[in-house]
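Please open the model in your viewer and keep the selection panel handy. We will go from stop to stop, and at each one you will hear what to select and what is there.

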Amino acid sequence: MSHAQHRLGTWIGWGFFADLASALALTFGYMFSRPVTMQYPDQEKWLPYPRYRGHHYLNRDETGEIKCVACELCAKICPCDCIEVVPYEDENGKRHPIKFEIDTARCLFCGLCEDACPADAIALGQQYEFSSFSSGDLVIGRDDLLTKPHKAVTGGGVVAARLNTKKDVLVETKETQGYNWWRNIRRT
Ligand code: SF4
Ligand code: SF4
């Protein structure tokens, strides 16, 4: 082996060693950092960001009246045809929905219904825990939609939580702010 070949071999060896040292540094860095596995749903819960599109809800106006004027625009624009609105007129000639149902089993949570609504009546909120063994349970009516959680004000963190199996596998949380899980993962 010539001297030049020997030097080249030495530099390649050092290159591999530097690569190995960098990988080991990353491994040890993760070994001694906070675990990123979320203990959901027993001990921890993810708070969605305000922009998250979860379960729909219907808004009321300042007098407590449902804002929806039953124009059916949301039903028309829905690509899944999963909204059903049946209008009626009250004694003052105002339109409201006598029936307003969303089949959340078919919904793809695109948010088009929220965008199309001229009355700021429908929106997609922060709730994401509504799975069921029966698709019939996922058809949600007007009165239930009026009680669903609205959009998160803050969010994007992990908080301590407690599983409550007596309430249909819901998670109760006592905190509103949590630690930044993404920052831990991305190591920024
Ligand atoms: S989010 Fe999209 S798919 Fe779901 S009900 Fe609204 S328009 Fe339809
Ligand atoms: S929720 Fe909005 S778009 Fe849908 S029927 Fe009511 S007012 Fe119209």
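Select tyrosine 88 first: opposite this residue, in strand 4, stands histidine 96. Strands here are DSSP runs of E with at least two residues, helices are runs of H or I with at least four, and both are numbered from the N terminus. Now extend the selection to strand 3 (residues 83-89) and strand 4, which pair in the antiparallel sense over 7 bridges. Two strands count as paired if DSSP finds at least two bridges between them. In general, strands of a sheet pair through backbone hydrogen bonds, either parallel or antiparallel. The hairpin of strand 3 and strand 4 has 5 residues between the strands, and glycine 93 there takes a positive phi near 80°.

A word on what you are looking at: this is a predicted model, in which local features need pLDDT of at least 70 and side-chain atom pairs count only at pLDDT 80 or more, while totals for chains, interfaces and linings use all residues. Residues are numbered from 1 along each chain as its sequence is written, and chains are lettered from A and ligands numbered from 1 in the order in which they are written.

**Next stop: ligand 1**

Select ligand 1 and the residues around it. A residue belongs to this shell if its C-beta atom, placed from the backbone, lies within 6 Å of the ligand. Of the 13 residues there, Cys78, Cys107, Cys110, Leu112 and Cys113 come nearest. Colour the shell by class and you will find 12 nonpolar residues, 1 polar and no charged ones. In this scheme Ala, Val, Leu, Ile, Met, Phe, Trp, Tyr, Cys and Pro are nonpolar, Asp, Glu, Lys and Arg are charged, and the others, Gly among them, are polar.

Keep Cys78, Cys107, Cys110 and Cys113 highlighted: an unreviewed UniProt entry places the feature "binding site" at these residues. They are spread over 36 residues of sequence but cluster in space, with a largest C-alpha distance of 10.6 Å. UniProt positions are given in the numbering used here, feature names are shortened, and annotations may be inferred rather than shown by experiment.

Zoom in on cysteine 107, in the loop between strand 4 (95-103) and helix 3 (112-116). Is cysteine 107 buried or exposed? Cysteine 107 counts as buried because it has 20 C-beta neighbours inside 10 Å. The cut-offs are 20 or more other C-beta atoms within 10 Å for buried, 12 or fewer for exposed, and anything in between for partly exposed, with C-beta atoms placed from the backbone.

Phenylalanine 109 lies in the loop between strand 4 and helix 3. Phenylalanine 109 is partly exposed, with 15 other C-beta atoms within 10 Å, and has a positive phi of about 55° although it is not a glycine. Most residues other than glycine have a negative phi, and most peptide bonds are trans.

**Then: ligand 2**

Which residues come nearest to ligand 2? Of the 13 around it, they are Cys68, Cys71, Cys74, Cys117 and Ile122. This shell has 12 nonpolar residues, no polar ones and 1 charged.

The UniProt annotation "binding site", again from an unreviewed entry, covers Cys68, Cys71, Cys74 and Cys117. These cluster in space although they are spread over 50 residues of sequence, and their largest C-alpha distance is 10.4 Å.

Click on two of them in turn. Cysteine 71 lies in the loop between strand 2 (56-58) and helix 2 (73-77), and counts as partly exposed with 17 C-beta neighbours inside 10 Å. Cysteine 74 is found in helix 2 and is buried, with 23 other C-beta atoms within 10 Å.

Now move to aspartate 120, in the loop between helix 3 and strand 5 (122-124). Aspartate 120 is exposed, with 11 other C-beta atoms within 10 Å. Its phi is positive, at about 50°, although it is not a glycine.

**Last stops: a cis bond and a sheet**

Select tyrosine 40 and proline 41: the peptide bond from one to the other is cis, with omega near 0°. Proline 41 lies in the loop between helix 1 (3-31) and strand 1.

Finish with the open sheet of 3 strands, in the order 1-7-8 with antiparallel pairing. Its edge strands, strand 1 (44-47) and strand 8 (170-173), each pair on one side only. Between strand 7 (residues 157-164) and strand 8 there are 4 bridges, and arginine 162 has glutamate 172 in strand 8 as its bridge partner.
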